[in-house]
Amino acid sequence: MNITGVKNAQAEEYRVQAGLGKRKKSRLHRSEGWFAWLFISPMVLGYILFLFVPIVGAFFMSFTDYSLLHTSSFIGLDNYKKAFSEDPLFWKSVGQTLYFSAGLIPLNLCLALGLAVLLNRKIPGIGLFRTAIFTPVVTSIVVWAIAWKYIFATESGLINEILQLFHIQGPAWLYNFQLAMPVVIIVSVLKNVGLNMVIFLAALQDVPKLYYEAARIDGASKSKMFTHVTLPMISPSIFLALILTLIGSLKVFSQIQVMTDGGPGTSTYVLVYYIYQQAFKIFDFGYASAIAFILFFLVLVLTILQWNMRKRWVHHEE
């Protein structure tokens with residue numbers, strides 16, 4: 001065999017080996033793919049069975065008068081018409097939900113930012129303060145609400161006991177039409193302020209020090225550095241916290257259920273609590289499903305509006 005023949009034989013052998021290698025890699029990739037699907041299959045099945053199917057079922061249920069008390073039938077958009085035009089308690093619940101959000105969001109964000117600025121300093125025992133403020137976040141909301149219900153109790157609550165030391169008669173916090181919702185807002189802020197504080201604290205620690213040095217050389221005061229350096233640099237984190245807090249505030253339920261049970265009267269009715277009332281007290285699941293999807297679209301619209309306006313609010317986005 002001449003030299004050309006040997007080279008052709010070697011080339012053919014390389015092609016055969018390359019083909020075998022590709023087939024082995026292909027089988028390996030297919031095997032890895034099957035293993036990947038095998039590992040994520042419990043999560044996928046759980047998502048389909050316990051989330052996707054109930055959501056689709058609730059959507060179709062919103063077009064029926066499904067109830068445990070009688071046979072159901074298809075009624076089209078009647079549940080949605082009832083909510084928008086015939087049910088004043090629905091609109092009151094919408095108003096109370098927006099009132100709760102309007103009170104909670106600015107208070108939560110301002111308090112979290114202030115705490116993050118204070119705890120961004122290197123002082124002894126700072127880790128203890130950070131842990132103490134974050135602990136309510138990992139505490140059960142029901143336990144938290146029960147504890148604060150006793151703290152705001154009319155006769156023997158801690159708040160009124162302290163007021164009595166100064167000869168002040170404390171009000172019935174949770175039974176007053178004007179005070180019940182503000183009390184729930186304050187309790188909710190104290191419960192979740194630690195989460196936003198951690199987000200802001202991480203953002204503050206990522207701001208390059210050279211910007212502050214440059215501002216200090218230019219003669220900027222601390223307030224100017226905060227408004228012209230700190231806030232623009234952490235604006236993506238503020239935007240993230242704003243969206244998370246807004247969505248969380250629109251879904252408020254547990255603290256309302258435990259502390260006021262919607263009262264006094266209907267003064268603390270919010271949308272999720274109203275859905276619960278319609279579904280599990282009146283057993284009108286069709287109407288409850290319709291209100292649930294109205295709430296879903298309300299959250300979706302507000303989130304899209306915020307996302308589209310982020311270019312005005314977020315000055316530094318990667």
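**Aromatic rings and buried residues**

Student: Why is F296 called partly exposed?

Tutor: F296 has a relative accessible area of 45%. Buried means under 20%, exposed means over 50% and partly exposed is what lies in between, with a 1.4 Å probe and protein chains only, so F296 is partly exposed. Before we go on, this is a predicted model, in which local features need pLDDT of at least 70 and side-chain atom pairs count only at pLDDT 80 or more, while totals for chains, interfaces and linings use all residues. Residues are numbered from 1 along each chain as its sequence is written, and side-chain values use heavy atoms, with hydrogens and water left out.

Student: What makes F293 and F296 an edge-to-face pair?

Tutor: Rings of Phe, Tyr and Trp (its six-membered ring) pair if their centres lie within 6.5 Å; planes under 30 degrees apart count as stacked, over 60 as edge-to-face and the rest as tilted. Here the centres are 6.4 Å apart and the planes stand at 70 degrees, so F293 and F296 are edge-to-face. F293 counts as buried, at 12% relative accessibility.

Student: Why are F293 and F296 separated by about one helical turn?

Tutor: Because they are 3 residues apart in helix α13 (residues 285–308). Helices here are DSSP runs of H or I with at least four residues, strands are runs of E with at least two, and both are numbered from the N terminus.

Student: How do you know that F280 and F285 are edge-to-face too?

Tutor: Their centres lie 5.9 Å apart and the angle between the planes is 90 degrees. F285 is at 16% relative accessibility, so F285 is buried. Both rings belong to a cluster linked by ring pairs, together with Y66, F253, Y269, Y273, Y274 and Y276. The aromatic pairs number 21 by this rule.

Student: Which residues does F253 contact, leaving aside its neighbours within four places in sequence?

Tutor: V272, Y273 and Y276, where contact means heavy atoms within 4.5 Å. F253 itself sits in the loop between α10 (235–250) and α11 (254–259).

Student: What makes K82 a charge over the ring of Y287?

Tutor: The rule asks for NZ of Lys or CZ of Arg within 6 Å of the ring centre and within 35 degrees of the ring normal. The charged end of K82 is 4.1 Å from the centre of the Y287 ring.

Student: Why is S188 called buried?

Tutor: Its relative accessible area is 1%, so S188 counts as buried. S188 is part of helix α7, and, apart from neighbours within four places in sequence, S188 contacts F100, L104 and Q255.

Student: Where do you find H167, and is H167 buried or exposed?

Tutor: H167 is in the loop between α6 (158–165) and α7 (180–205). At 76% relative accessibility, H167 is exposed. Phi of H167 is near 60 degrees, a positive value in a residue other than glycine.

Student: And what is the phi of F283?

Tutor: Phi of F283 is near 60 degrees, again positive in a residue that is not glycine. F283 belongs to the loop between α12 and α13, and its 29% relative accessibility makes F283 partly exposed.
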